[in-house]
Amino acid sequence: MASERAAPLRLGSIAPNFQADTTSGPIDLHEYIGNSWVIFFSHPEDYTPVCTTELGEMARLEPEFKKRGVKLLGLSANTVGSHEGWIKDINDVTGNSPSFPIVADKERKVAYLYDMIDYQDTTNVDEKGIAFTIRSVFIIDPKKTIRCVLSYPASTGRNSAEILRIIDSLQTGDKHKITTPVNWVPGDDVIVHPSVKGEQAKELFPNLRAVKPYLRFTPLPKDA
Ligand code: BEZ
């Protein structure tokens, strides 16, 4: 029998479109993406401690994301009015005020569409006992393709530097035929993509260093 379940969101899925109210007015996700990358990230609830620190940090880092052609889009399972009051607190606490839109998803419509719901933590529920959202991150490219998915529990704040690092890795990999090794940060050597063989590898990356035939490190070309 055919399953009633929506297809799972995998790396390579087109980000499902939706319309929703946000702190910047109504939004259509695909229009918002336009020709940019988007980091779409969810929070359990407004006026909660970990979320407050995370949103302040994303607001602080917004110029870094902008430099990379990335727009931010938050989500929390409350109303626009609640988000607006909370943004004032975030500014008080962190000195940074999110100016990017935050989706008001009190009914969890978008959260269900993106499977951001918490089944694990039975304390992560609202006053009616409805599961809150977890800390999901979807990195979406300008073709509207999901390129990375992260899921953190409500109890663990995300690592903003890691989110930035993933963007740098994806964008560098799209530009050059490379992958990035463990703990890579921009400036470190990268790895020649396994699909690049023999002479072509030497042409593209004259300074490559083959540790094994399948593990070839290289500095990025100068124009990177
Ligand atoms: C927090 O942001 O601190 C939080 C939110 C929901 C459950 C647990 C922690």
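Predicted model: local features only at pLDDT ≥ 70, side-chain atom pairs only at ≥ 80, totals over all residues.
1. A residue counts as buried when its relative accessible area is under 20%. His176 has 11% relative accessibility, so it falls in the buried class. You will find His176 in the loop between helix H5 (160-175) and strand E8.

2. The protein chain carries six helices and eleven strands. Along the principal axes, its C-alpha atoms fill a box of roughly 65 × 55 × 35 Å. Of the 224 residues in the protein chain, 45% are buried.

3. Now for the ligand. Which residues surround it? The shell is made of Pro44, Thr48, Pro49, Val50, Cys51, Asn124, Arg135 and Ala154. Sorted by class, that shell has five nonpolar residues, two polar ones and one charged one. Helix H2 (residues 49-67) supplies the largest share of the shell, three residues.

4. Several polar distances around the ligand may interest you. An N or O atom in the side chain of Arg135 lies 3.0 Å from an oxygen atom of the ligand. For Thr48, a polar side-chain atom is found 3.1 Å from a ligand oxygen atom. Pro49 takes part through its backbone, where an N or O atom is 3.3 Å from an oxygen atom of the ligand. As for cover, the ligand taken alone exposes 260 Å², and the protein buries 80% of that.

5. Aromatic rings deserve a look too: the structure holds five aromatic pairs. One of them joins Phe18 and Tyr114, with ring centres 6.0 Å apart and planes at 85 degrees, so this pair is edge-to-face. Phe18 sits in the segment before strand E1 (19-22), while Tyr114 belongs to the loop between helix H4 (109-113) and strand E6 (135-140), so the pair ties together parts that are 96 residues apart in sequence. Both Phe18 and Tyr114 are buried. Ring pairs also link Phe18, Phe40, Tyr114 and Phe138 into a cluster.

6. Another ring has a charged neighbour. Lys71 lies over the face of Tyr32, at 4.8 Å from the ring centre.

7. Two backbone angles are worth a moment of your time. Most residues other than glycine have a negative phi. Lys144, although not a glycine, has a positive phi of about 70 degrees. This residue, Lys144, is in the loop between E6 and strand E7 (146-152). Is Lys144 buried, partly exposed or exposed? Its relative accessibility is 21%, so Lys144 counts as partly exposed.

8. The other angle belongs to Asn183, which is not a glycine either and has a positive phi of about 60 degrees. Asn183 is located in the loop between strand E8 (178-179) and strand E9 (190-192). With a relative accessibility of 63%, Asn183 counts as exposed.

Note on methods:
Residues numbered from 1 in each chain as written. Heavy atoms only, no water. Phe/Tyr/Trp six-rings, centres within 6.5 Å; stacked < 30°, edge-to-face > 60°. Helix = DSSP H or I, 4+ residues; strand = E, 2+ residues; numbered from the N terminus. Buried < 20%, exposed > 50% of the residue type's maximum accessible area, 1.4 Å probe, protein only. Lys NZ or Arg CZ within 6 Å of the ring centre and 35° of its normal. Near = heavy atom within 4 Å. Polar contact = N/O pair within 3.5 Å; in protein donor to acceptor, adjacent residues only side chain to side chain. Areas by Shrake-Rupley, 256 points an atom, 1.4 Å probe, with all protein chains shown as cover. Nonpolar A, V, L, I, M, F, W, Y, C, P; charged D, E, K, R; others polar.
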